[in-house]
Amino acid sequence: MSEQIILKIAGVNKRFGGLQALSNVNIEIAKGQIYGLIGPNGAGKTTFFNVITGLYQPDTGSFELAGKPYSPSAPHEVAKAGIARTFQNIRLFSEMTALENVMVGRHVRTHQGVLGAIFRYKAARKEEQEIRDRAMELLDFVGIAKFADRTSRHLSYGDQRRLEIARALATDPQLLALDEPAAGMNATEKLGLRELLVKIKGEGKTILLIEHDVKLMMGLCDRLTVLDYGKPIAEGLPAEIQKNPAVIEAYLGGGH
Amino acid sequence: MALHFDIKKNPTKAYTSFALLAVVAVAFPFIAANFGNSWVRIIDFALLYIMLALGLNIVVGFAGLLDLGYIAFYAVGAYTTALLASPQFAVVLESFVNQYPPIGNFLMTVFGPEIAQNGIHLSVWLIVPIAAAVAAFFGALLGAPTLKLRGDYLAIVTLGFGEIIRIFLNNLNGPVNITNGPQGINMIEPIRIFGVSLAGEAGSMATIQIGGFSIPSVNAYYFLFLALCIGIVLVTSRLQHSRLGRAWVAIREDEIAAKAMGINTRNVKLLAFSMGASFGGISGSMFAAFQGFVSPESFTLMESIIILAMVVLGGMGHIPGVILGSIILAALPEVLRHVVEPVQKLLFGHVIIDAEILRQLLYGLAMVLIMLNRPAGLWPAPKHEDRPDADIDKPERATGVVAA
Amino acid sequence: MDTLIQQIINGLVLGSMYALIALGYTMVYGVLSLINFAHGEVLMIGAMVGLTVLKIMQTAAPDMPGIFKLVIAIAAAIPVCVIVNVLIERVAYRRLRNAPRLAPLITAIGIGILLQTFAMMIWGRSPLPFPQVMSSEPIHIGGALISQTQVMLLVLAVIAMLGLVFLIEKTKMGRAMRATSENPRVAGLMGVDANKVIVATFAIGAALAAVAGVMWGANYSSAQFAMGFLPGLKAFSAAVLGGIGNIYGAMLGGILLGVIESLGAGYIGDLTGGFLGSHYQDIFAFVVLIIVLTLRPSGIMGERVADRA
């Protein structure tokens, strides 16, 4: 088993005042997997995302990315380490064009500063061109190249989701963390999204996915963790999860 | 707009527009001279305001940080220049010697008898970078506590800083005299370029003689300030279309998403403050040398608000718009003064609404009317879809839930 | 020791004025999440109207007891201030409720400037002397002096604050205001008309500012078009200190800031070895503001929830 573990999170606890939002959550994701995180509403999935990407500070937990510990203390450090995320409510830079949005994604892997901006010497110009080219490549990869110069606010909902994914990919992440990318999509759009995710997996990327559409998840994910009330109640292959009585009870609401 | 500045999309039109502007700009002082020197002087001050507005545009327009204390950097640049180009430093040293002899004597040995007698007199080539650097430092200093604050609070805290600076300038004449308090610092040297003083030699009635030519001092300053403005326009424009510029806009649009994409928002915001402040400092430096004296009265909250009004009126974030807003709000009050007061005298026999009141009315109305009716400003950045040559089809309607 | 008591008395007087102004800021912030930048100018209008009314009464009814004159001046100032503040809400804030954050802020600043300009046109530029209607015979308290005017002001401030507490806790409108401040949507579902609540909030805030304005003029014996801006800012700092959105916080913050400023001005010379003098007094409020926002943004009594991702 020479599978490389991309993400290894153990023992995450997070309390908000009187509410224990996360209890002892562990996750291990191997390279190239699509890993799903499911659970009823309010189970703590987005909270978990926010913790591992540095938006919330955990009470306890150990965090390792590709074998190296990382500190989830600041979102930009997490991005630099190699986790890129999208948001449940889509957070694009609405007044920028699609291309510019993705170009911002390249920020963390480039370094031209004030002097490069003002004097535009050769290295700076070269980097700027590379940023632009790579951004166009990514727009093409997710299928919205023709909207490169459109203000992102004016894109269709499905295209905005794709754009957010392209922007996240621009950071050259080790792990792509997607928060409900299929929310609000119709069946056709979901199929398109599924294709895109499979394509991304095909490039060797690792994906951590939160979703509510259980059918989509079962068909797409290699492994899943199920959260309920902040606690992991099941972990394993889709087939195992589907048969797990605790999972069924959590979703059908026996005794909540 | 008949003027087009987009070099990439339509070079011919862009360069023609620039050429047209250049002709107008160069010819202006010579034409205006026919109506008296005061018009050129007014535009000289307008150019200073343009520099300030362009600097504030970085902070407010690009990065979206509402700084209500921006005038502090103008003050810093002006007073730095005042201390480095007038007899004031001699006074500073003397008062240290009187009040705190150990420190005073140490400083005397450092600076020497020449400075103790006459003060510091550096050349403009040194003073301007120093003023810019000092202002940039203050920009970071005053920006640092505001990094976690949201819009309203950021505004008030920066306002507070602006006031604190003004209060210090007004009161640092005791126990040691650094700023000379409410009286301000005078006898600031005019700008000397290659030995020629832009204020003209004594007794020349503010006219410069070069070779066989004579040119009024205000005209010389006009070209100097124009050159500086053009420089600042170029620099801010380049900043805008760069990795840093995109980072600023990203922070403005959605700070959390910006962080998630790896932008170190703390550093990027500090850069916005510093760069914006440095332009304020340069402008302040020019102001001090041009006017020959500085006093705390020139650096009130009202001035900060005026500069903000210029940015807002013109079009936040859009450089040509900001220049337009500056020209309108700097020159219009003066134009009105020359028109409205005589008219009132004619109609009513005396002036009911004087120029000062008119000026303030204009600023207040500008801000209110623009925000209520045209919040993007008089000349906002053209939308990408509105460009005549945009190669996309009509924007599609959203098919699902609109993004939050 | 004498100085200490004197400074504390001065601080309480100053603080009670700050408290009244801070209440206006905090109530508006509670319902709209917005700083009414023009609030300081409302204070100024109150002072100027009060001044004018007092001058009229000095000539029209010279024998009327000073207390009555003050009360009448305040009663005249209140409706003017209320109209101004309500107009500001209608013209500026209502239309911009869904605009990006900077818009209402900038509009408010513009309105503040316009108000100052109108005041300049009506009352001129120079500071005007505020008619002294109370006897200038001071009262002695343990070695310190307090003027009859100041006693009057303290009494008025307490009455105003008590009145406000009664309104908030015991009346239907007060309940509606509290509900809207906590959760506008749910309050709306319960039948609360948000617009009415907002107008009431602006009106009450204006009334308090009117009282504070007349008080300020009386305390410092002068009034001028530019007098509102600094007290407004400081009162805002007081509101933040006490916990923005919290009415008791505003009262506490106001009084606390007044005392801090007074003591600070009195002792800063000693504290800094003579380097800083009492003319740096105005800085205290800003320093307090910055410290509070940096270390404990929710203030003394506040409990605002942090932004969620």
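1. In which sense do β3(A) and strand β8 of chain A pair, and over how many bridges? The two strands, β8(A) being residues 206-210, pair in the parallel sense over 4 bridges. Two strands count as paired if DSSP finds at least two bridges between them; strands are DSSP runs of E, at least two residues, and helices are runs of H or I, at least four residues, numbered from the N terminus. In this pairing Y35(A) stands opposite L208(A).

2. This is a predicted model, in which local features need pLDDT of at least 70 and side-chain atom pairs count only at pLDDT 80 or more, while totals for chains, interfaces and linings use all residues. Residues are numbered from 1 along each chain as its sequence is written, and chains are lettered from A and ligands numbered from 1 in the order in which they are written.

3. β3(A) is also joined by 4 bridges to strand β9 (residues 223-228) of chain A, again running parallel. Here G36(A) stands opposite L224(A).

4. Strand β3 (residues 34-38) of chain A is largely enclosed by the rest of the structure, because 5 of its 5 residues are buried. Buried means 20 or more other C-beta atoms within 10 Å of the residue's own, with C-beta atoms placed from the backbone. I34(A), G36(A) and I38(A) cover one face, and Y35(A) and L37(A) the other; all are buried.

5. The contact between chains B and C takes 30 residues from chain B and 33 from chain C, counting residues whose C-beta atoms, placed from the backbone, lie within 7 Å. On the chain C side, α4 (102-123) and α11 (283-295) each supply at least two residues. The largest share, 13 residues, comes from α4(C).

How values were computed:
A residue is buried if 20 or more other C-beta atoms lie within 10 Å of its own, exposed if 12 or fewer, and partly exposed in between; C-beta atoms are placed from the backbone. Two residues are in contact if their C-beta atoms, placed from the backbone, lie within 7 Å.
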